[in-house]
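Colleague: I have a structure open and have not looked at it before. Can you walk me through it?

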Amino acid sequence: MAWVYLLLAGLFEIGWPVGLKMAQDAETRVLGITLAVGFMALSGFLLWLAQKEIPIGTSYAIWTGIGAAGTFMVGVLYYGDPGSLGRYLGVALIIAGVATLKLAH
């Protein structure tokens, strides 16, 4: 169950930078900040649950890796962030690192 908590924590980790991005616009500022804080709290709680069974270094690296790769994809797909070959390669390396940590556990 710890790995499920960690996966969910990483997915919710994507929510808080998106909330902060929404907060850049005056019309969605309060909603964006509210979402960011809520996703931070939920993600942190799930990470805490996962760390009961998964080592801190492994869980933190996987948590941030899922969050970074997911936030990158949201940026490219929904916010028009650039998606060059080098950027995609960088994200692929993050995902490979996360997979390696899981397999080596």
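**Overall make-up**

Modeller: Of the chain's 105 residues, 32% count as buried. Keep in mind that this is a predicted model.

Colleague: How many helices and strands does the chain have?

Modeller: There are 5 helices and 0 strands. Along the sequence the pattern reads α-α-α-α-α.

Colleague: And what box do the C-alpha atoms fill?

Modeller: Roughly 45 × 35 × 15 Å, taken along the principal axes.

Colleague: What share of the contacts join residues at least 24 apart?

Modeller: Counting contacts between residues at least 6 apart in sequence, 66% join residues at least 24 apart.

Colleague: Let's go to the helix pairs. How do you describe two packed helices?

Modeller: By the angle between their axes and the distance between the axes.

Colleague: Start with α1 and α2, then. At what angle do their axes cross?

Modeller: The axes of α1 and α2 cross at roughly 10° and come within 5 Å. An angle under 35 degrees counts as roughly parallel, so α1 is roughly parallel to α2.

Colleague: Which residues make that contact?

Modeller: L11, F12 and E13 on the α1 side, and G15, W16 and P17 on the α2 side. By class, the contact of α1 with α2 has 4 nonpolar, 1 polar and 1 charged residues.

Colleague: What about α2 and α3, what is the angle there?

Modeller: Helix α2, residues 15-22, packs against α3 at about 165°, and their axes are 7 Å apart. Angles over 145 degrees count as roughly antiparallel, which means α2 is roughly antiparallel to α3.

Colleague: Is the crossing of α2 and α3 left-handed or right-handed?

Modeller: Left-handed.

Colleague: Which residues meet there?

Modeller: From α2, G15, W16, G19, L20 and M22; from α3, R29, L31, G32, I33, L35, A36, F39 and M40. The residues in this contact of α2 with α3 divide into 9 nonpolar, 3 polar and 1 charged.

Colleague: Staying in α3, is S43 buried or exposed?

Modeller: S43, which is found in helix α3, is buried, with a relative accessible area of 0%.

Colleague: Why does 0% put S43 in that class?

Modeller: Buried means under 20% relative accessible area, so S43 at 0% qualifies.

Colleague: What does S43 touch?

Modeller: Leaving out residues up to four places away in sequence, S43 touches A9, F12, E13 and W63.

Colleague: How far apart are I66 and V98?

Modeller: They are 32 residues apart in sequence and 7.7 Å apart in space, C-alpha to C-alpha. Setting aside neighbours within four places in sequence, V98 contacts A61, I62, G65 and I66.

Colleague: Last topic. Which residues make up the largest nonpolar core?

Modeller: The core has 12 residues in all: A2, L6, A9, L46, L47, L49, A50, I54, I62, W63, I66 and V98.

Colleague: Which helices each supply at least two residues of this core?

Modeller: α1 (2-13), α3 (29-50) and α4. The largest share, 4 residues, comes from α3.

Key: Residues numbered from 1 in each chain as written. Predicted model: local features only at pLDDT ≥ 70, side-chain atom pairs only at ≥ 80, totals over all residues. Heavy atoms only, no water. Core = buried A, V, L, I, M, F, W, Y, C linked by side-chain atoms within 4.5 Å. Buried < 20%, exposed > 50% of the residue type's maximum accessible area, 1.4 Å probe, protein only. Contact = heavy atoms within 4.5 Å. Axes fitted to C-alpha atoms, helices over the stretch in contact; angles between N-to-C directions. Parallel < 35°, antiparallel > 145°, perpendicular 65-115°, else oblique. Left-handed = near helix turned anticlockwise from the far one by under 90°. Nonpolar A, V, L, I, M, F, W, Y, C, P; charged D, E, K, R; others polar.
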